[in-house]
Amino acid sequence: MILPNVDESTVALMKELHDSFPECMYMAMGLHPTEVGESYESDMAFVESEFANRSENYVAVGEIGIDLYWDKTYLNEQIEVFSKQIDIAINHSLPVIIHCREGLKEVLRVLADKKKVPQGVFHSFGGTVEDVKAIRSVGDFYFGINGIVTFKNSQLGNVLPEIGLERLLIETDSPYLSPVPYRGKRNESSYIVHTAQKIANVLNVPFEEVAKATSENAFRLFAIS
(Lines give C-alpha, C1' and ligand atoms only; values in the text may rest on other atoms or scores of the structure.)
Protein backbone atom coordinates (compact mmCIF):
# COMPACT_ATOMS: atom_id res chain seq x y z
CA MET A 1 0.00 0.00 0.00
CA ILE A 2 1.31 3.41 -0.98
CA LEU A 3 0.30 6.43 1.09
CA PRO A 4 0.43 9.75 -0.77
CA ASN A 5 0.87 12.93 1.22
CA VAL A 6 -1.44 15.96 1.26
CA ASP A 7 0.40 18.71 3.17
CA GLU A 8 2.63 19.17 6.19
CA SER A 9 -0.23 18.44 8.60
CA THR A 10 -0.68 14.89 7.27
CA VAL A 11 2.96 13.80 7.48
CA ALA A 12 3.01 12.69 11.12
CA LEU A 13 -0.10 10.52 10.71
CA MET A 14 1.24 9.06 7.49
CA LYS A 15 4.54 8.16 9.12
CA GLU A 16 2.76 6.68 12.13
CA LEU A 17 0.72 4.39 9.88
CA HIS A 18 3.82 3.43 7.90
CA ASP A 19 5.74 2.61 11.07
CA SER A 20 2.88 0.41 12.27
CA PHE A 21 3.00 -1.73 9.12
CA PRO A 22 6.48 -1.27 7.58
CA GLU A 23 6.30 -4.61 5.79
CA CYS A 24 3.52 -3.43 3.45
CA MET A 25 3.29 0.36 3.70
CA TYR A 26 5.21 2.80 1.50
CA MET A 27 5.08 6.59 1.46
CA ALA A 28 5.09 9.40 -1.08
CA MET A 29 5.83 13.03 -0.28
CA GLY A 30 4.26 16.04 -1.94
CA LEU A 31 2.04 19.09 -1.65
CA HIS A 32 -1.49 18.43 -2.93
CA PRO A 33 -2.80 21.09 -5.35
CA THR A 34 -5.92 21.85 -3.30
CA GLU A 35 -3.63 22.79 -0.40
CA VAL A 36 -1.70 25.38 -2.40
CA GLY A 37 -2.52 28.79 -0.93
CA GLU A 38 -0.93 31.88 0.61
CA SER A 39 1.69 29.83 2.46
CA TYR A 40 2.70 27.79 -0.60
CA GLU A 41 6.33 28.88 -0.47
CA SER A 42 6.88 27.68 3.10
CA ASP A 43 4.83 24.55 2.36
CA MET A 44 7.10 23.79 -0.58
CA ALA A 45 10.18 24.44 1.55
CA PHE A 46 9.01 21.67 3.87
CA VAL A 47 8.56 19.23 0.98
CA GLU A 48 11.98 20.14 -0.39
CA SER A 49 13.57 19.60 3.02
CA GLU A 50 12.01 16.13 3.28
CA PHE A 51 13.62 15.10 0.01
CA ALA A 52 16.90 16.80 0.86
CA ASN A 53 17.19 15.01 4.21
CA ARG A 54 14.99 11.90 4.01
CA SER A 55 14.51 11.02 0.35
CA GLU A 56 15.13 7.34 1.10
CA ASN A 57 11.80 7.26 2.98
CA TYR A 58 9.74 7.90 -0.14
CA VAL A 59 8.94 5.88 -3.25
CA ALA A 60 7.30 8.75 -5.16
CA VAL A 61 6.61 12.47 -5.30
CA GLY A 62 2.92 12.91 -4.67
CA GLU A 63 0.19 13.70 -4.54
CA ILE A 64 0.89 16.63 -6.88
CA GLY A 65 -0.83 18.27 -9.82
CA ILE A 66 -3.52 20.79 -10.73
CA ASP A 67 -7.07 21.03 -9.36
CA LEU A 68 -9.38 23.70 -10.78
CA TYR A 69 -12.62 22.03 -9.70
CA TRP A 70 -12.91 23.69 -6.29
CA ASP A 71 -11.05 26.97 -6.73
CA LYS A 72 -9.05 28.74 -9.45
CA THR A 73 -7.70 31.47 -7.14
CA TYR A 74 -4.20 30.00 -6.88
CA LEU A 75 -3.85 28.64 -10.41
CA ASN A 76 -0.46 30.27 -11.04
CA GLU A 77 0.82 29.06 -7.68
CA GLN A 78 -0.48 25.55 -8.38
CA ILE A 79 1.41 25.54 -11.66
CA GLU A 80 4.60 26.75 -9.97
CA VAL A 81 4.34 24.16 -7.18
CA PHE A 82 3.59 21.36 -9.63
CA SER A 83 6.57 22.31 -11.79
CA LYS A 84 8.92 22.40 -8.81
CA GLN A 85 7.76 18.99 -7.63
CA ILE A 86 8.26 17.52 -11.08
CA ASP A 87 11.84 18.79 -10.87
CA ILE A 88 12.23 17.10 -7.46
CA ALA A 89 11.08 13.82 -8.99
CA ILE A 90 13.56 14.17 -11.84
CA ASN A 91 16.44 15.05 -9.52
CA HIS A 92 15.72 12.09 -7.24
CA SER A 93 14.80 9.64 -10.02
CA LEU A 94 11.36 9.07 -8.51
CA PRO A 95 7.95 8.59 -10.14
CA VAL A 96 5.11 11.05 -9.60
CA ILE A 97 1.51 10.59 -8.45
CA ILE A 98 -0.50 13.18 -10.36
CA HIS A 99 -3.82 14.61 -9.23
CA CYS A 100 -5.55 16.24 -12.19
CA ARG A 101 -9.08 17.59 -11.89
CA GLU A 102 -10.25 19.95 -14.61
CA GLY A 103 -6.61 20.85 -15.15
CA LEU A 104 -5.32 18.47 -17.82
CA LYS A 105 -4.32 21.25 -20.20
CA GLU A 106 -2.22 22.91 -17.49
CA VAL A 107 -0.68 19.62 -16.33
CA LEU A 108 0.33 18.66 -19.85
CA ARG A 109 1.79 22.10 -20.51
CA VAL A 110 4.03 21.84 -17.46
CA LEU A 111 5.18 18.35 -18.43
CA ALA A 112 5.76 19.29 -22.07
CA ASP A 113 8.04 22.16 -20.99
CA LYS A 114 10.38 19.78 -19.16
CA LYS A 115 13.49 18.45 -20.88
CA LYS A 116 12.82 15.17 -19.10
CA VAL A 117 9.49 13.76 -17.91
CA PRO A 118 9.43 11.32 -14.98
CA GLN A 119 7.30 8.22 -15.07
CA GLY A 120 4.23 8.27 -12.92
CA VAL A 121 0.54 7.62 -12.55
CA PHE A 122 -2.48 9.79 -13.24
CA HIS A 123 -4.37 9.02 -10.06
CA SER A 124 -8.16 8.57 -10.01
CA PHE A 125 -8.23 8.72 -13.78
CA GLY A 126 -11.67 9.37 -15.22
CA GLY A 127 -10.84 10.79 -18.62
CA THR A 128 -11.52 9.89 -22.22
CA VAL A 129 -9.63 7.99 -24.91
CA GLU A 130 -8.51 11.38 -26.23
CA ASP A 131 -7.17 12.27 -22.78
CA VAL A 132 -5.15 9.04 -22.68
CA LYS A 133 -3.61 9.87 -26.05
CA ALA A 134 -2.83 13.43 -24.97
CA ILE A 135 -1.12 12.20 -21.80
CA ARG A 136 0.92 9.69 -23.76
CA SER A 137 2.06 12.44 -26.11
CA VAL A 138 4.15 13.92 -23.28
CA GLY A 139 5.30 10.84 -21.35
CA ASP A 140 4.98 7.18 -20.42
CA PHE A 141 2.35 7.14 -17.68
CA TYR A 142 0.23 4.64 -15.81
CA PHE A 143 -3.43 5.26 -15.04
CA GLY A 144 -4.92 4.75 -11.57
CA ILE A 145 -8.39 3.23 -11.65
CA ASN A 146 -10.65 3.19 -8.59
CA GLY A 147 -14.32 2.68 -7.73
CA ILE A 148 -15.46 5.12 -10.41
CA VAL A 149 -15.17 2.34 -12.99
CA THR A 150 -17.98 0.44 -11.25
CA PHE A 151 -20.45 3.36 -11.32
CA LYS A 152 -23.49 2.95 -13.55
CA ASN A 153 -22.87 6.05 -15.67
CA SER A 154 -19.08 5.76 -15.83
CA GLN A 155 -17.56 5.79 -19.31
CA LEU A 156 -14.26 4.33 -18.10
CA GLY A 157 -15.18 0.92 -19.48
CA ASN A 158 -14.76 2.38 -22.96
CA VAL A 159 -11.34 3.76 -22.06
CA LEU A 160 -9.72 0.74 -20.38
CA PRO A 161 -8.91 -1.06 -23.65
CA GLU A 162 -7.08 2.04 -24.86
CA ILE A 163 -4.99 2.11 -21.69
CA GLY A 164 -4.26 -1.62 -21.67
CA LEU A 165 -3.63 -3.86 -18.69
CA GLU A 166 0.12 -3.19 -18.87
CA ARG A 167 -0.43 0.45 -17.81
CA LEU A 168 -3.21 0.06 -15.23
CA LEU A 169 -2.91 0.52 -11.50
CA ILE A 170 -5.74 -0.09 -9.02
CA GLU A 171 -6.33 2.35 -6.19
CA THR A 172 -8.88 3.11 -3.51
CA ASP A 173 -8.86 6.91 -3.05
CA SER A 174 -10.05 5.94 0.43
CA PRO A 175 -12.13 7.14 2.20
CA TYR A 176 -13.82 8.31 -1.02
CA LEU A 177 -15.15 6.69 -4.21
CA SER A 178 -16.15 3.32 -2.82
CA PRO A 179 -16.95 0.85 -5.60
CA VAL A 180 -20.37 -0.68 -6.12
CA PRO A 181 -21.89 -2.33 -4.04
CA TYR A 182 -20.48 0.02 -1.37
CA ARG A 183 -20.95 3.30 -3.23
CA GLY A 184 -21.79 6.12 -0.84
CA LYS A 185 -20.16 4.40 2.12
CA ARG A 186 -16.72 5.01 3.59
CA ASN A 187 -14.17 3.36 1.34
CA GLU A 188 -11.55 0.90 2.57
CA SER A 189 -8.81 -1.22 1.05
CA SER A 190 -10.76 -4.50 1.19
CA TYR A 191 -13.22 -3.14 -1.39
CA ILE A 192 -10.52 -2.97 -4.05
CA VAL A 193 -11.44 -6.48 -5.21
CA HIS A 194 -14.68 -5.09 -6.66
CA THR A 195 -12.73 -2.58 -8.75
CA ALA A 196 -10.42 -5.35 -9.96
CA GLN A 197 -13.36 -7.59 -10.85
CA LYS A 198 -14.99 -4.82 -12.89
CA ILE A 199 -11.75 -4.27 -14.82
CA ALA A 200 -11.51 -8.01 -15.46
CA ASN A 201 -15.08 -8.06 -16.77
CA VAL A 202 -14.51 -5.09 -19.08
CA LEU A 203 -11.24 -6.45 -20.49
CA ASN A 204 -12.61 -10.01 -20.60
CA VAL A 205 -9.66 -11.49 -18.72
CA PRO A 206 -9.52 -13.54 -15.51
CA PHE A 207 -9.60 -11.70 -12.20
CA GLU A 208 -6.26 -13.28 -11.27
CA GLU A 209 -4.64 -11.80 -14.37
CA VAL A 210 -5.78 -8.30 -13.40
CA ALA A 211 -4.54 -8.78 -9.83
CA LYS A 212 -1.14 -10.07 -10.97
CA ALA A 213 -0.59 -7.46 -13.69
CA THR A 214 -1.61 -4.44 -11.65
CA SER A 215 0.51 -5.54 -8.70
CA GLU A 216 3.52 -6.04 -10.96
CA ASN A 217 2.89 -2.64 -12.54
CA ALA A 218 2.95 -1.01 -9.09
CA PHE A 219 6.12 -2.85 -8.07
CA ARG A 220 7.79 -1.73 -11.30
CA LEU A 221 6.70 1.91 -11.22
CA PHE A 222 7.54 2.48 -7.56
CA ALA A 223 10.65 0.27 -7.57
CA ILE A 224 9.32 -2.00 -4.83
CA SER A 225 10.92 -5.42 -4.64
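Predicted model: local features only at pLDDT ≥ 70, side-chain atom pairs only at ≥ 80, totals over all residues.
Helices here are DSSP runs of H or I with at least four residues, strands are E runs of at least two, and both are numbered from the N terminus. Ala223 has a positive phi of about 55 degrees, though it is not a glycine. At 68% relative accessibility, Ala223 counts as exposed (exposed is over 50% relative accessible area, buried under 20%, partly exposed in between, with a 1.4 Å probe and protein chains only).

Residues are numbered from 1 along each chain as its sequence is written, and side-chain values use heavy atoms, leaving out hydrogens and water.

Next I looked up Ser93, in the loop between helix 3 (75-91) and strand 4 (96-101). Phi of Ser93 is positive too, near 55 degrees, and at 63% relative accessibility Ser93 counts as exposed.

Why did I write these down? Because most residues other than glycine have a negative phi, and most peptide bonds are trans.

Then the cis bonds. One joins Gly62 and Glu63, with omega about 20 degrees; Glu63 is in strand 3 (residues 58-67). A cis peptide bond also joins Val180 and Pro181, with omega about 20 degrees. I found Pro181 in the loop between strand 7 (168-170) and helix 7.
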